[in-house]
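Please keep the sequence and the model at hand as you read.

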Amino acid sequence: MDTETRLVYMDHAATTAARADVVEAMVPYMTEQFGNPSSLYDVAKVSREAVARARDQVAASIGAEPDEIFFTSGGTESDNWALKGVAFAHRGKGNHIITSAVEHHAITHTCAWLESQGFAVTYLPVDGYGMVDPVDVEAAITPETILISVMMANNEVGTIQPVAAIGAIARKHGVLFHTDAVQAAGHIPIDVQAMHIDLLSLSGHKFHGPKGTGALYIRKGVQIDPLMHGGAQERGMRAGTENVPGIVGMGLALSLANAEMAEQTKRMTALRERLVSGLLAIPATRLNGHPTERLPNNVNVVFAYIEGESVLLLLNRRGIMASTGSACSSESGEPSPVLRACGVPNDMIHGSLRLTLGEETTEADVDYCVATVTEVVQRLRDLSPLTPAELRSTGN
Ligand code: PLP
């Protein structure tokens, strides 16, 4: 690393560091307050009460009742439970599920497995900004439809879906509505009542809580089969000794994120716009996702003529931690299904870069990213045989 390099973490959509106050609140539940919430002595009662407090915090953050919150091991488990649990509990009514082409693998791979079990899945298209049209949702409903699952905000391009409109349609047709709010929680307001949401997935490590923590909101009265069978924890719906420290950390992290949301949204949106305009000043660059209906911390661009992975490697050498936005692309070499669904042209689709800001991101970090990315893109374009002459540096 050269002397001008600074360390800039720009991958908050992948994960976040747990906040110091959150870690501090968790520690006692790993040490002196170690009791199993199911036990009957006093130390167990302390754990039980801590879990109940966290349940209240999570419920209050999304407009739910505490007994509608079920703790899980993360977003992946919550998504699997919502889809498989509803599919099998409602098999007698129908076998059709509606989702979108831009969901996280925790949804799409679960849907693929459900297809192998005899369920039929419709993958709705999105517009150029990655947005689902509620009209398409309504048109896809058949008498066999038992579940609609559309994410609240996209993990790659940050587009916020019209969840309230989709929820209203689902409710009108008597179809259950699940939303994967893993990227949205702690960043944009959520109200499960106003948005007509029946099931909602959360993940603690995306809002400065601990990894391996999550929750599924299940509206009272919704029929769903358990995913985990065993003990009677979580009112008999999710077996396994509760991750008390994790649950405590997740509850506190979500309530703190909600309390600070208005201020952080204002600050991060300004930084996001500064980053977007800096990056779009690079020629042959395009913004992915919706220009305004997007998460306050998400920037996703594509650069023509170069590979996103090469950009990442050079950025890493300059201390910038970022992503192409698509976890699968580095393994399979396949372009991101999300960018493909958004209609990103073939000659640009491999050149994506996702930068996701966090509460510690500063203006100086953003300016360093713009300057470094500009330099790196130019360097790679100078090396690429695909780059047209007018985009090469003078002298090359
Ligand atoms: N859903 C979305 C939209 C995500 O972004 C992620 C994680 O990246 C997940 C689900 C999976 O969450 P977890 O890492 O908690 O399993």
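In this predicted model, an N or O atom in the side chain of H104 sits 3.5 Å from an oxygen atom of the ligand.

| Side chain | Distance to a ligand oxygen |
|---|---|
| H104 | 3.5 Å |
| Q183 | 2.8 Å |
| S203 | 2.6 Å |

On its own the ligand has 390 Å² of accessible area, and the protein covers 85% of that (Shrake-Rupley method, 1.4 Å probe). Around the ligand there are 13 residues, of which T76, D180, Q183, S203 and K206 come nearest; a residue counts here if one of its heavy atoms lies within 4 Å of the molecule. Two of the shell residues are nonpolar, eight are polar and three are charged, with Gly counted as polar and Asp, Glu, Lys and Arg as charged. Helix α3 (residues 75–89) is the top contributor to this shell, giving three residues; helices are DSSP runs (H or I) of at least four residues, numbered from the N terminus.

The structure holds one cavity of 30 Å³ or more, meaning a set of points on a 1 Å grid over the protein atoms alone where a 1.4 Å probe fits but cannot get out. The largest cavity contains about 180 Å³ of space, a volume filled by probe spheres set on the grid points. Its lining has 19 residues, and G186, H187, Q264, M268 and E359 are the closest to its centre; a lining residue has an atom within 4 Å of a point.

Where does the largest cavity lie? It lies between domain 1 (8–16 + 261–391) and domain 2 (20–259), because both give residues to its lining; the bounds come from an automatic or database domain assignment. Helix α8 (residues 261–280) supplies the largest share of that lining, four residues. By type, the lining of the largest cavity divides into six nonpolar, nine polar and four charged residues.

Residues are numbered from 1 along each chain as its sequence is written, and side-chain values use heavy atoms, with hydrogens and water left out. As the model is predicted, local features need pLDDT of at least 70 and side-chain atom pairs count only at pLDDT 80 or more, while totals for chains, interfaces and linings use all residues.

Definitions and conventions: 1 Å grid on protein atoms, 1.4 Å probe; cavity = no way out; pocket = protein on both sides within 12 Å on 5 of 7 lines; lining within 4 Å. Helix = DSSP H or I, 4+ residues; strand = E, 2+ residues; numbered from the N terminus. Polar contact = N/O pair within 3.5 Å; in protein donor to acceptor, adjacent residues only side chain to side chain.
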